[in-house]
Amino acid sequence: MLSCAAPRAPAGGVGGDASLITCPGIADIWTLAFDRVPKNQNKRCGRGAGAASRRARGRPASLGPHMMAAAGARGGGLSGLLPAQTSLEYALLDAVAQQEKDDLVYQYLQKVDGWEQDLAVPEFADDGLLIVGVHSAKFPNEKVLDNITSAVLRYNITHPVVNDAEASLWQELEVSCWPTLVILGPRGNMLFSLIGEGHKDKLFLYTSIALKYYKDRGQIRDNKIGIKLYKDSLPPSPLLFPGKVTVDQATNRLVVADTGHHRILVIWKNGQIQYSIGGPNPGRRDGLFSEASFNSPQGVAVMDNIIYVADTENHLIRKIDLEAEKVSTVAGVGVQGTDKEGGAKGEEQPISSPWDVVFGTSGSEVQRNNILWIAMAGIHQIWALLLDSGKLPKKNELKKGTCLPFAGSGNEENRNNAYPHKAGFAQPSGLSLASEDPWNCLFVADSESSTVRTVSLKDGAVKPLIGGERDPMNLFAFGDVDGAGIDVKLQHPLGVAWDKKRNLLYVADSYNHKIKVVDPKTKSCTTLAGTGNTNNVASSSFTESTFNEPGGLCVGENGQLLYVADTNNHQIKVMDLETKTVSVLPVFKSENAVVDGPLLLEKPKTAPRLPKSAPAVKLPPVSVCPGQTLQFRLRLEFPSGAKLTEGAPSCWFLSADGNEWLLQGQAPSGDIESISDQPTISLRIPDRCGSPDVVLSVSVFLYYCSADSSACMMKGVLFRQPLQVADTQAGHRAPVELRHVF
């Protein structure tokens with residue numbers, strides 16, 4: 001039985017400081033999946049030329065068949081496979097019958113398997129077939145194990161995921177872009193590589209023939225093992241990764257996308273559930289509330305007892321009629337589309353990963369909310385669904401039900417342009433409307449460019465508001481910096497909400513775990529709430545409040561309250577904009593039974609594993625006596641201009657292998673919050689000592705970025721301090737300085 005109750009390092013160590021998040025299988029044919037790119041390699045592959053990118057919001061790399069492996073001795077990496085596999089693929093183009101294709105692949109395997117020296121990946125071999133995801137993060141927040149664990153849970157991933165936090169595997173294996181798919185044999189030997197999306201047929205062909213080939217040679221056994229997943233140990237909760245929230249202004253009810261439970265909740269403002277529609281399992285079914293189903297819904301918009309839902313993983317827009325208690329589909333065909341031109345009737349128009357929706361008005365003089373604006377994250381565009389006949393800027397009269405793009409070329413860019421179809425977005429994920437003058441625009445939370453942009457409702461012009469930088473191709477201009485305009489730095493914002501009363505815009509700065517406020521007139525942006533710490537605080541002031549990847553927000557109670565979908569805390573938080581306090585909305589069933597899960601106690605910290613490259617510094621022995629307090633002062637030097645990564649857990653840990661008595665009653669760990677003000681670590685020698693000679697280890701883990709944020713990395717250093725314990729009284733001792741230059 002393999003227990004996956006907590007992250008762990010893979011057996012034997014895989015690629016330095018990588019960690020394994022889930023561990024449900026053993027394999028002889030391995031498929032490894034790398035996703036996300038390090039900062040200095042912002043390159044992704046597509047589905048052939050001009051491929052539509054797949055929605056991949058901070059998910060571990062193993063979502064879909066993106067499989068890859070490692071560099072070996074032949075050809076220095078994946079390039080060693082290229083000549084032989086290119087010959088195979090040309091031959092496959094000429095093959096007609098399936099048996100002919102199978103034979104070609106089998107012959108290819110005989111050749112590759114017979115090479116004198118394997119293109120091998122060490123430490124990868126056992127029995128069966130296993131998919132392994134390797135998560136090579138883009139954002140600092142995506143490197144944190146707890147956040148990756150949340151993503152594994154959110155997307156119901158049940159295969160192993162390796163956290164390649166420093167992209168060491170990526171670099172060691174010489175990966176050039178993602179997704180790159182590679183199949184390994186029983187010896188960890190590379191067999192095939194596939195670059196880009198859209199290789200389903202080849203993937204299945206290569207894998208099935210590889211399994212047959214090695215079974216014929218007796219090198220694969222059909223073993224089964226027990227699996228215990230971390231998610232199965234979690235307590236029940238009324239909300240699971242809620243993505244978005246909106247207010248029914250007419251009734252003061254809330255509509256919540258309970259994304260992890262695959263359902264929509266309609267909640268009275270006291271927290272009582274009125275309707276629960278869909279869930280708990282994913283599905284795609286219209287009909288009565290009792291039979292309808294959704295798949296990871298996100299954006300919601302409500303008016304006149306009608307709710308529109310961005311049914312994200314179904315690639316649909318759904319309509320909920322609260323009076324008839326029925327669900328229907330109004331846009332999408334149920335599979336991910338790549339069409340960037342649109343124009344078909346909604347039910348016939350393929351769409352791609354809709355992430356948010358908001359009501360709007362066409363160019364007619366009568367304000368009638370006849371448009372549903374859609375943040376189409378999967379193809380990086382803003383779309384419109386005509387709820388009634390009307391016109392869009394620079395468009396002819398459009399029929400009711402027409403579904404088409406309004407802004408964005410479909411290229412993943414941070415490109416602003418006066419012509420809406422020449423502008424570029426990068427996974428737009430949040431929308432809010434300011435229909436009044438002088439704004440008359442859509443606000444867009446553009447997550448992958450870490451910006452907030454505006455789209456004019458008069459002519460469709462796309463303009464910058466805050467975040468990003470001037471180079472439209474640079475999607476790595478992120479951080480946590482208040483300021484104005486382009487000087488502001490956000491980290492993967494997912495939601496925006498317009499406050500008509502104050503003419504302010506609220507932003508869910510998701511990966512910074514904060515709520516920001518923007519004055520669109522001056523483009524100034526400041527932190528409104530959230531310390532950046534993800535520890536869940538139930539109620540507090542704005543300055544002491546905490547969030548964990550908030551995904552959506554909305555303004556209610558005539559501008560008094562701001563409701564926040566605190567996604568990874570599985571809560572709706574209520575921010576009182578007048579008293580500056582934050583509380584949790586208690587969600588309970590109509591029979592008044594509270595269904596909130598139990599409070600999660602803070603887990604004791606576990607020391608991460610130091611990178612193999614981390615130096616070990618042996619210090620001169622120190623004489624101490626029982627009852628004495630030693631101090632260790634960190635004196636770490638960094639490259640000029642370097643800064644610690646916001647939200648990443650830079651920290652120190654104490655250990656004394658075989659002499660744990662030394663640390664009883666002590667603080668064995670602590671955070672490192674500033675390069676300029678590094679902590680001093682105190683250790684009191686116990687009154688009763690178990691040994692006269694002890695070695696104290698101080699492990700230091702640091703996440704920092706270069707001055708221009710072009711590269712972020714995780715580094716470590718180990719200090720070993722021998723202690724000689726004697727009964728003689730020691731005099732005052734100056735602090736021991738722990739020095740190292742990175």
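Me: Where does P280 lie in the chain?

Reply: P280 lies in the loop between β12 (273-278) and β13 (287-288), where strands are DSSP runs of E with at least two residues, helices are runs of H or I with at least four, and both are numbered from the N terminus. This is a predicted model, in which local features need pLDDT of at least 70 and side-chain atom pairs count only at pLDDT 80 or more, while totals for chains, interfaces and linings use all residues. Residues are numbered from 1 along each chain as its sequence is written, and side-chain values use heavy atoms, with hydrogens and water left out.

Me: What kind of peptide bond joins G279 and P280?

Reply: Most peptide bonds are trans, and most residues other than glycine have a negative phi. The bond that joins G279 and P280, however, is cis, with omega at about -5°. Another cis peptide bond joins D437 and P438, where omega is about 5°, and P438 is found in the loop between β22 and β23 (441-446).

Me: At what angle do the axes of α1 and α2 cross?

Reply: Axes are lines fitted to C-alpha atoms, for helices over the stretch in contact, and angles run from 0 to 180 degrees between N-to-C directions. The axes of α1 (residues 82-94) and α2 (residues 98-113) come within 10 Å and cross at roughly 165°. The two helices are therefore roughly antiparallel to each other, on a scale where under 35 degrees is roughly parallel, over 145 roughly antiparallel, 65 to 115 roughly perpendicular and the rest oblique.

Me: Which residues of α1 and α2 meet?

Reply: A84, Q85, L88, A91 and L92 in α1 meet K101, L104, V105, Y108 and K111 in α2, a contact being heavy atoms within 4.5 Å. Sorted by class, this contact of α1 with α2 has seven nonpolar, one polar and two charged residues; Ala, Val, Leu, Ile, Met, Phe, Trp, Tyr, Cys and Pro count as nonpolar, Asp, Glu, Lys and Arg as charged, and the others, Gly among them, as polar.

Me: How far apart are the axes of α1 and α5, and at what angle do these helices pack?

Reply: The axes of α1 and α5 (residues 200-216) are 14 Å apart, and the helices pack at an angle of about 110°, which makes α1 roughly perpendicular to α5. On the α1 side the contact is made by Q85, L88, E89 and L92, and on the α5 side by K202, L205 and Y206. By class, the contact of α1 with α5 has four nonpolar, one polar and two charged residues.

Me: And at what angle do α2 and α5 pack?

Reply: The angle between α2 and α5 is about 60°, with their axes 9 Å apart, and the pair is therefore oblique. From α2 the contact takes Q98, D102, V105, Y106, L109, Q110 and D113, and from α5 it takes L205, Y206, I209, A210, K212, Y213, Y214 and D216. The residues of this contact of α2 with α5 divide into nine nonpolar, two polar and four charged.
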